[in-house]
Amino acid sequence: MLSATDLKALCLEQAAAEETFPFGAEVSVFKVAGKMFALSALDARPLSISLKCVPEVATKLRIEYPAITAGYHLNKQHWNTVLIDGSVPDRLVREMIEDSYDLVRAGLPKAVRLTLG
């Protein structure tokens with residue numbers, strides 16, 4: 001099961017990703033080029049992470065995994081919150097982080113994307 005340290009590392013290993021704290025010191029917001037792709041209160045128990053997702057995929061994941069719910073305080077069509085309780089495979093959480101990053105990055109202007117590497 002992924003730890004808070006693992007989640008933070010997975011988010012920060014994305015190209016040009018940064019951790020910010022716009023909602024206070026207790027909530028890590030991971031951004032690329034100023035746009036959020038992940039949100040987590042890494043010290044909270046239970047641990048969870050909110051991630052952007054293609055709407056059709058978001059719905060399927062919520063049906064398949066009870067630990068994946070509509071994004072808490074986020075656009076519920078585009079964001080999922082994943083409870084890190086061991087019921088969602090670590091590999092899937094990693095893929096969801098990467099997919100969230102890719103979705104946000106794809107929405108950036110081409111000139112910005114080219115500077116990200």
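**The sheet and its edge**

Reply: Of the contacts in the protein chain (heavy atoms within 4.5 Å) between residues at least 6 apart in sequence, 45% join residues at least 24 apart. This is a predicted model, in which local features need pLDDT of at least 70 and side-chain atom pairs count only at pLDDT 80 or more, while totals for chains, interfaces and linings use all residues. Residues are numbered from 1 along each chain as its sequence is written, and side-chain values use heavy atoms, leaving out hydrogens and water.

The protein chain holds 4 helices and 6 strands (DSSP runs numbered from the N terminus: H or I of at least four residues for helices, E of at least two for strands). Along the sequence they follow the pattern α-β-β-β-β-α-β-β-α-α. The C-alpha trace spans about 40 × 30 × 25 Å along its principal axes.

The part to look at is the sheet. Its 6 strands form an open sheet in the order β1-β2-β3-β4-β6-β5, with antiparallel pairing (two strands pair if DSSP finds at least two bridges between them). β1 (17-20) and β5 (68-70) each have a single partner strand and stand at the edges, so one side of each lacks a neighbour in the sheet. On average, neighbouring strands are turned by 25° against each other, direction ignored (axes are lines fitted to C-alpha atoms, for helices over the stretch in contact; angles run from 0 to 180 degrees between N-to-C directions).

Ala-70 has Asn-80 in β6 as its bridge partner. Helix α3 (residues 90-106) lies across β2 (28-32), β3 (35-40), β4 (48-52), β5 and β6, at about 40° to β4.
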